[in-house]
Amino acid sequence: MKALVKTKAQVGLELKEVPIPEPGPDDVCIHIMKSSICGTDLHIYDWDDWASANINIPLTIGHEYVGIIDKVGSNVSDYSPGDLVSGEGHIVCGRCRNCLAGRRHLCNKTLGVGIDRPGAFAEYLAIPVDNVWNCDRKIPLEILTCFDPLGNATHAALSFNVIGEDVLITGAGPIGLMAASIVRHAGARHVVVTDPNPYRLALAEKMDVTMAINPLQQDLIEIMDYLDMKEGFDVGLEMSGNPKALDSMLKHMSHGGKIALLGLLPETTVTDWNKVIFHGLTIKGIYGREMFETWYKMTTMLQSGLDISQVVTHQISYKDFTDGFELMRSGQCGKVVLDWEQM
Ligand code: NAD
Ligand code: ZN
């Protein structure tokens, strides 16, 4: 089969012929229809410090996908060839305290598809059946392939009650954009999104936000004033990984406000902890998706009118993967989807 493999400790990926994976007794093998590029894939593509410390080459990368089950292992009885599925990219141990208690997203032995084991930028992927999500065929394939990042957005956006609340989202990358749509769907009053990238701000405008602002040009105090907000934002979703965005969020939260931290911050980030203490803020770290409550909510929100179609800005053949990674690097895109069925 064809696969996008990290073969060398340098920038790039190689489109290679590799063996089709054989599912183990508790696995399924999925024929990939579409996959999408994540920021993590770009780190691996660019072979930055994080990638060179964490990735063992050669490795087929990619962890966002949708496809059709091709084969099932001998112990698998509840899925069959032909089922339309996506899958949770965190493979958990099943035996630690959190796994046994049903909090699998908090497993401390998590392995990542496309990071610690072969990934989904390939014609076929084998994963444990416990990681499979049965897809609603009414949801378009280019949305189903985004269930992993949509799950990040959902996990963060539904962490706190947003009905009637004012929500600040820093970062209008694909995850911030999806989160904006979700909090709107969930009944927030004002949804203010910040991003210095005009392309991303234009996308945010399409997500029915209250305001999409460039933090380099506009001050949040003025925006709050304009919106007649008296005490600051009730809920903050940090989705940029930029320390300045976090700093600005901490300054503009109402006392008792709640923050979900999803963007990966640099180690050198300095935080005004006294703001957190004196303003009684709650901060929750978000990693991955709740298995499988988040997957359930994503599906049911899409079934009840959540629309994230504007986030998927590009769909290209897997053969044009270098264009896809260039787009990701440029920031002139939302989600970039690779089609594995185009010849
Ligand atoms: P992205 O890089 O596409 O989006 C980040 C956005 O933040 C960009 O549009 C950028 O212009 C914007 N930004 C930069 N500086 C800013 C500032 N000062 N204020 C406001 N916005 C600013 O990333 P994404 O794919 O949407 O992911 C968002 C973040 O979440 C990334 O940091 C990513 O590494 C992280 N992430 C975390 C998890 C998790 O499980 N915690 C999973 C996936 C991604
Ligand atoms: Zn575990």
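**Aromatic cluster and zinc site**

Analyst: Trp-133, Phe-147, Phe-292 and Trp-295 are linked into a cluster by ring pairs. Please note that this is a predicted model.

User: How many aromatic pairs does a search of the whole structure find?

Analyst: The search finds 6 aromatic pairs. One of them joins Trp-133 and Trp-295, with 6.1 Å centre to centre and 40° between the planes, a tilted arrangement.

User: Where in the chain do those two tryptophans, Trp-133 and Trp-295, lie?

Analyst: Trp-133 is in strand β10 (residues 132-134), whereas Trp-295 is in helix α11 (residues 293-303). They are 162 residues apart, and the pair thus links distant parts of the chain.

User: Is Trp-133 buried or exposed? And what about Trp-295, buried or exposed?

Analyst: Trp-133 counts as buried because its relative accessibility is 16%, and the cut-off for buried is under 20%. Trp-295 also counts as buried, at 0% relative accessibility.

User: Why is the pair of Phe-147 and Trp-295 called tilted?

Analyst: The planes of the two rings, Phe-147 and Trp-295, stand at 55°, so the pair is tilted; the ring centres are 6.0 Å apart. Planes under 30 degrees apart would count as stacked and those over 60 as edge-to-face.

User: Which helices does that pair of Phe-147 and Trp-295 tie together?

Analyst: Phe-147 belongs to helix α5 (residues 147-157) and Trp-295 to helix α11, so the contact ties together parts that are 148 residues apart in sequence. Both Phe-147 and Trp-295 are buried.

User: How many residues of α5 are buried?

Analyst: In α5, 11 of the 11 residues are buried, so the helix is largely enclosed by the rest of the structure. Among them are Asp-148, Asn-152 and His-155.

User: Let us turn to the metal. Which residues are the protein donors of the zinc ion (ligand 2)?

Analyst: The protein donors are Cys-93, Cys-96, Cys-99 and Cys-107, each through its SG atom, at 2.3 to 2.4 Å from the zinc ion (ligand 2). Their spacing along the chain is C-x2-C-x2-C-x7-C.

User: And where do Cys-96 and Cys-107 sit?

Analyst: Cys-96 is in the loop between β7 (90-91) and α3 (97-100), and Cys-107 is in the loop between α3 and β8 (111-112), 11 residues apart. Cys-96 is buried, with a relative accessible area of 11%, and Cys-107 counts as buried at 8% relative accessibility.

User: What is the geometry of the zinc ion (ligand 2) site?

Analyst: The site is tetrahedral, with angles of 102 to 118° among the 4 donor atoms.

How values were computed
Residues are numbered from 1 along each chain as its sequence is written. Chains are lettered from A and ligands numbered from 1 in the order in which they are written. This is a predicted model: local features need pLDDT of at least 70, side-chain atom pairs count only at pLDDT 80 or more; totals for chains, interfaces and linings use all residues. Side-chain values use heavy atoms; hydrogens and water are left out. Rings of Phe, Tyr and Trp (its six-membered ring) pair if their centres lie within 6.5 Å; planes under 30 degrees apart count as stacked, over 60 as edge-to-face and the rest as tilted. Helices (H or I, at least four residues) and strands (E, at least two) are DSSP runs, numbered from the N terminus. Buried means under 20% relative accessible area, exposed over 50%, partly exposed in between (1.4 Å probe, protein chains only). Donors are N, O and S atoms within 2.8 Å of the metal (3.2 Å for Na, K and Ca); water is not among the atoms, so sites may look incomplete. Four donors count as tetrahedral if all angles lie between 85 and 135 degrees; four count as square planar and six as octahedral if opposite donors are over 155 degrees apart and all others between 65 and 115; anything else is irregular.
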